[in-house]
Amino acid sequence: MMQPLKLYNTLSRQKEEYKPLFDDYTGLYTCGPTVYNYAHIGNLRTYLFQDVLKRVLLYNDFKVKHVMNITDVGHLTGDRDMGEDKLEKGAAREGKSAWDIAEFYTEAFQKDLKELNVLDPDVWCKATDSIPEQIELIQTLEEKGYTYKINDGIYFDTSKFPEYTKLSHQNLDALQEGARVEKNIEKRNATDFALWKFSPKDQKRQMEWESPWGTGFPGWHIECSAMSMMYLKDHLDIHCGGIDHIDVHHTNEIAQSEAATGDDFFKFWMHGAFLNITGGKKMAKSEGNFLTLASTFIDRGISPLVYRFASFQTHYRKPMEYSDDAIESATNGYRHLRNQVRTIAESAGDDKADVHEGLKAQFVAAINDDLNMPRAMAVIQETLKSDLPDAQKYATVVDFDRVTGLELDKVLEKASIPPEVQEKVDARIKAREDKNWALSDQLRDEILALGYMVQDSKEGMKVIKQ
Ligand code: AMP
Ligand code: ZN
């Protein structure tokens, strides 16, 4: 009997046994990025946690329909509907159209996910593709008396939704107090939020649509309510994001969705903790000095899977600290793991074996305990160090890799070698023919720094991707 899957639900503030609402599949909605810049590795930590969640659901034999949105309009620089539209701001910064900016950064984001071996969602949906559905939802809210109009848009009156703080457990009085610094004096309550924003009268926006209330664009939160209901219908099982989404974005999604339908919105709400820069400072796109997957890993010849591996060292609900040392130690850790697996794979040869049930039970106990990846990684180590036959060790860790996604089944594959590595490999072959061992060693280190390892054997030199 497998350990049941338990997940921490932000709504109830405890671990609950996970069961889908309907037997056919689990509906999983993960809030996607606002595509006005590259994702930073903090954002990517959240997508890695969600990928683990999805893989754990699949490992538990649940079918999953995964929907991820792309916010390509309407997310203002302040979460509470003040400031500029992030897309239009990005367009101004780069001298491109808002549409081009959105397309460019959407592709960049999808490429990052591929590099991290994140499974593709079943549905990618863009906010700009569901404007009619968003308008319809706002109309329903209007009919039910939840909205009011002020100078710059149509707002949701949060005082009409008594359960407004059920996800965040915030103290509303303190919020009202803090809201005095806000500029929008027309709002009835500090927590009220825009459903539809009007285009400024004297200005044509690049992204704007007609609506029953005038030309404008949707507020940020309404897209996720509209698209999750559109693609998942009543399969509103799990909705995820980073912890910064709890107080505003997800709270507002719940308020407007439940007000509109009169029904519960998602059953499970899961949130990943932040990646912080050393000293506890949050990494944020708006700070402008963040680290990308390319700058931190790929351009330095480090496999992006090192970041995947690094993210498993900390439980997803605990803050993770970024430092060069942490990345260096993850680089070594991942290399070591691949070497261990390669050794047993080579020794196993063509032998086949079954997954070891006892170790599998331990692995499941770890992942089904609210995705405890540090513990799951320890079970992998235990497997590798056990005295089982190599073929069984290999079969077992490759099975676990359905969750870890570290490409442990590919350790024997020959990597296609980039030209700058090949050049050094050729130079090293020549150096060895010349018996110039010092140069040969130096080149080996340079090749290693680019993420490849050379092994000398009777058959010649083998080049392996780390
Ligand atoms: P955004 O593009 O700003 O909407 O963010 C995309 C995702 O990254 C959201 O789920 C955020 O909650 C999450 N996120 C933002 N900053 C961080 C961070 N420093 N660490 C982890 N996740 C983050
Ligand atoms: Zn969202």
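1. Buried area is the accessible area (1.4 Å probe) that two parts lose on being put together, summed over both. Keep that in mind for point 3. This is a predicted model, in which local features need pLDDT of at least 70, side-chain atom pairs count only at pLDDT 80 or more, and totals for chains, interfaces and linings use all residues. Residues are numbered from 1 along each chain as its sequence is written.

2. Domains to look for: the assignment, which comes from an automatic or database source, gives domain 1 (6-272), domain 2 (302-410) and domain 3 (419-465). The C-alpha centres of domain 1 and domain 2 lie 34 Å apart. Their contact (heavy atoms within 4.5 Å) takes 24 residues from domain 1 and 30 residues from domain 2.

3. Between domain 1 and domain 2, about 2,300 Å² is buried, with 60% of that area coming from carbon and sulfur atoms. On the domain 1 side, have a look at Arg45, Val52 and Tyr59: they supply 33% of the area that domain 1 buries against domain 2, more than any other three residues.

4. Now for a helix pair. Helices here are DSSP runs (H or I, at least four residues), numbered from the N terminus. Helix 11 (residues 357-367) and helix 12 (residues 373-385) have axes that come within 7 Å and cross at roughly 165°. Those axes are lines fitted to C-alpha atoms over the stretch in contact, and angles run from 0 to 180 degrees between N-to-C directions. The two helices are therefore roughly antiparallel to each other (the term covers angles over 145 degrees).

5. Who touches whom? Among the residues of helix 11 that meet helix 12 are Leu359, Phe363 and Ile367, and the helix 12 side includes Met373, Val379 and Ile380.

Definitions and conventions
Chains lettered and ligands numbered in written order. Heavy atoms only, no water. Parallel < 35°, antiparallel > 145°, perpendicular 65-115°, else oblique.
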